[in-house]
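The sequence and structure come first.

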Amino acid sequence: MIVKWTEADLRALDLKLAEAGVRPHARPYWAAREILGPEYSMSPFGNPEADRITATYHALFPHVANTWPGAGVGLAASGDDVRRLVLGVAFGSPSPIETWQALGFRDAQVWWAWCRDDPAIAAQTALALADLYDFASGLNALGRTNKAAEDRWHMAGSNLADVANNLPTATGVDSIVQPVCLTAELSLKAALHCAGLEPKKKHDLPDLASKLADARPHRDDTLIADLVQRFPDYVESRYTAVGLSRLAVVRLALAAQFVAASSVRRFSPVDLALVMENDSWPGPRRPFLP
């Protein structure tokens, strides 16, 4: 049976699906199912009509290709040039996948050029990948064990995604400081909840980090203790620009991603960072902030 549809049908469906709360990345497939009904069922030989609908949907609404949430969204950087990193749901064990592939480059040469032919920058991108992997995959491994911790880690991941989605093309960085700070704060509070503690409702990163180090010691504690002293004041950054350069905010964002990953590593069996830090490359971490 031939089902007739038009671009106008897809535009109307997009509004309908948006009202229903369907995420943009999933709407082409929902639209195909809506239009084709019983004919939507896929076969081993494919469904050409469903393919036409989804291809037209992507042409009408290109943003749907850039909103796929994956298992986690984070960032890597070369200087102040930021690259959004989406960890695939089916990423699995990252060992067979090269860093340049996971970062979305077409080959190692392009990645190396983006890293400015600098081994230290290349190593930093590999560890940024490890941090996102440990955060996203670690939460998946933990499962639903502590609602308060789960909620705060979810919000930390949402703030990290906001940073990763906006920082690559941002012309100004003042408004990005807030989600950077919240990524670190919510992660530390989530870990404290997971450790059975009730963090105070205040914005005090050094206090949170100190309490977490006491409750659940970890190899990252010394580095985190230094980092949290250097984050800008969260409340002040709401109302006035803190005057940080783009490079400084990028470094803070990578530090916040590291704090988020470390908060999960304390409870999860997932620790790709440890493997990388103990290898000859990328090796031990270098300071995030000069």
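Contact here means heavy atoms within 4.5 Å. The model is predicted.

By that criterion, P168 touches V82, R84, V163 and R246, leaving aside residues up to four places away in sequence. P168 sits in the loop between α7 (147–166) and α8 (177–194). Its relative accessibility is 27%, so P168 counts as partly exposed, given that buried means under 20% and exposed over 50%. The C-alpha atoms of P168 and A76 are separated by 9.8 Å, although these residues are 92 apart along the chain.

Helix α12 (residues 246–265) packs against α6 (residues 119–142), and the axis of α12 also comes within 9 Å of that of α8. The two pairs are set out below.

| Helix pair | Axis separation | Angle | Handedness of crossing |
|---|---|---|---|
| α6 and α12 | 8 Å | about 40° | left-handed |
| α8 and α12 | within 9 Å | roughly 15° | left-handed |

The α6 and α12 pair is therefore classed as oblique. On the α6 side the contact is made by Q124, A128, A130, D131, L132, D134, F135, G138, L139 and L142. On the α12 side the residues are L254, Q257, F258, A260, A261, V264 and R265.

For α8 and α12, the angle falls under 35 degrees, and the two helices are therefore roughly parallel to each other. Here the contact is made by V177, V180, T183, A184, S187, L188 and A191 of α8. Their counterparts on α12 are V249, L252, A253, A256, V259, A260 and S263. A260 of α12 is listed in the contact with α6 and also in the contact with α8.

Helix α3 can be checked for length. At 1.5 Å a residue, its 13 residues (48–60) should span 18 Å, and the end C-alpha atoms are 18 Å apart, so the two values agree.

Which residues of α3 are buried? They are A50, I53, T54, T56 and Y57. Viewed down the axis of α3, these buried residues fall within an arc of 160°, so they line one face of the helix.

Technical notes: Residues numbered from 1 in each chain as written. Predicted model: local features only at pLDDT ≥ 70, side-chain atom pairs only at ≥ 80, totals over all residues. Heavy atoms only, no water. Helix = DSSP H or I, 4+ residues; strand = E, 2+ residues; numbered from the N terminus. Expected span 1.5 Å × (residues − 1). Buried < 20%, exposed > 50% of the residue type's maximum accessible area, 1.4 Å probe, protein only. Arc of directions from axis to C-beta. Axes fitted to C-alpha atoms, helices over the stretch in contact; angles between N-to-C directions. Parallel < 35°, antiparallel > 145°, perpendicular 65-115°, else oblique. Left-handed = near helix turned anticlockwise from the far one by under 90°.
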